[in-house]
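Dear colleague,

I am handing over the structure below, and after it you will find my notes on what was found. Please read them with the conventions given along the way.

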Amino acid sequence: MYPITRLRRLRQTAELRDMIRETHLHIEDFVYPMFVCPGKNIKEEIVSMPGQYRYSVDNLVEVCSQLYNKGLKSVMLFGIPEYKDETGSASMHDHGIVQIALNELKARVPGLVTIADVCLCEYTSHGHCGAIVDGDVHNDQTELLAKQAVSFANAGAGMIAPSDMMDGRIAALRNALDTQGYTNLPIMAYSAKFASAFYGPFREAADSAPKFGDRKTYQMDVANAREALREIEQDVLEGADIVMVKPAMAFLDIVSQARQQFSLPIAAYNVSGEYAMVKAAAANGWIDGQRVMTETLLSIKRAGADIILTYFVPDIIDELGKVSHK
Ligand code: PBG
């Protein structure tokens with residue numbers, strides 16, 4: 001008790017603070033989400049996500065190779081297809097944009113773990129995450145997702161990450177992958193994915209905003225925590241290898257509870273809107289962007305995430321490279 005106990009004693013110098021720090025960020029913690037588009041030598045900045053780009057495959061491979069050499073282990077790929085249709089067919093054949101990127105990355109940066117986002121919204125003309133029947137996304141037409149997942153596996157994906165939020169899709173995908181011989185291909189499930197307003201910039205980047213209605217009949221109500229744990233439990237039972245909470249910042253209570261209740265690896269997705277807010281405020285000089293980034297990523301890890309998907313990867317690599325005696 002005070003005055004014997006003085007917690008400030010261990011805060012007196014930077015070195016002491018370094019010694020007793022409880023949470024550390026490592027490059028291994030991160031997955032970099034990237035957008036890949038058709039064409040050659042394309043690097044097109046996403047207006048609402050300063051510092052993030054739509055890359056053609058040649059440039060994507062170059063950037064991935066540089067990041068891999070700096071220690072990054074994994075990227076998540078989102079495709080901007082040449083055409084969109086009712087069923088998202090551009091995502092299911094060998095020459096789909098993500099398939100080409102997966103092939104090239106496997107050849108040129110073989111160690112990099114490539115995670116393929118499995119969903120239809122980037123590829124459908126209506127912008128929803130599944131096939132539309134009677135004005136709503138049909139749950140059980142998971143064969144489209146299975147077809148896409150197997151096609152990504154054929155192209156060399158290192159992991160499959162379904163983000164569609166259909167019920168039962170982990171079991172369906174596991175079954176489809178195993179039937180094709182991909183028994184060792186891990187699934188990272190977007191298990192607790194909320195119907196969040198924080199996805200705005202991503203939808204600009206991928207031109208994937210729904211053309212009618214919204215995603216509230218399949219993504220979760222942002223007010224629900226117990227239901228999020230049920231979603232995670234379902235995916236664990238269906239065979240998910242890693243479960244994800246998305247978005248991250250506004251849902252750290254879910255990350256923390258999931259950490260306590262489940263023992264498999266937990267991922268958290270620091271989404272486009274979270275990135276955009278920090279960049280916008282920093283650009284105005286209202287906050288110190290690098291410090292807010294570090295504080296945010298630390299909070300996600302402190303809450304219990306093992307893996308953090310974030311657009312801050314290039315920035316955090318710079319930050320982690322700095323010597324900390326200051
Ligand atoms: C769906 C998908 C989305 C994101 C990742 N996968 C968009 C959505 O559900 O509308 C959002 C990621 C972000 O905002 O950074 N394929």
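Two strands are taken to pair if DSSP finds at least two bridges between them, and helices (H or I, at least four residues) and strands (E, at least two) are DSSP runs, numbered from the N terminus. On that basis Ala 268 stands opposite Ile 308 in β12, and strand β11 (residues 266–270) pairs with β12 in the parallel sense over 4 bridges.

This is a predicted model, in which local features need pLDDT of at least 70 and side-chain atom pairs count only at pLDDT 80 or more, while totals for chains, interfaces and linings use all residues. Residues are numbered from 1 along each chain as its sequence is written, and side-chain values use heavy atoms, with hydrogens and water left out.

Strand β1 (residues 30–37) also runs parallel to β12, joined to it by 2 bridges, and here Phe 30 is the residue opposite Ile 308. Strand β12 (residues 307–310) is covered on both faces, with Ile 307 and Leu 309 buried on one side and Ile 308 and Thr 310 buried on the other; buried means under 20% relative accessible area, exposed over 50%, and partly exposed in between (1.4 Å probe, protein chains only).

Turning to the helices, α4 (residues 143–154) and α5 (residues 169–179) pack at an angle of about 45°, with their axes 9 Å apart, where axes are lines fitted to C-alpha atoms, for helices over the stretch in contact, and angles run from 0 to 180 degrees between N-to-C directions. The two are therefore oblique to each other, given that angles under 35 degrees count as roughly parallel, over 145 as roughly antiparallel, 65 to 115 as roughly perpendicular and the rest as oblique. In contact terms (heavy atoms within 4.5 Å), Leu 145, Ala 146, Ala 149, Val 150 and Ala 153 in α4 meet Leu 173, Ala 176 and Leu 177 in α5.

For helix α7 (residues 226–238) and helix α8 (residues 252–261), the axes come within 10 Å and cross at roughly 45°, so that α7 and α8 are likewise oblique. Ala 228, Leu 229 and Ile 232 in α7 meet Ile 254, Gln 257, Ala 258 and Gln 261 in α8.

Finally, Asn 69 lies in helix α2 (residues 57–69) and is exposed, with a relative accessible area of 63%. Asn 69 and Leu 112 are 43 residues apart in sequence and 9.9 Å apart in space, C-alpha to C-alpha.

Best regards
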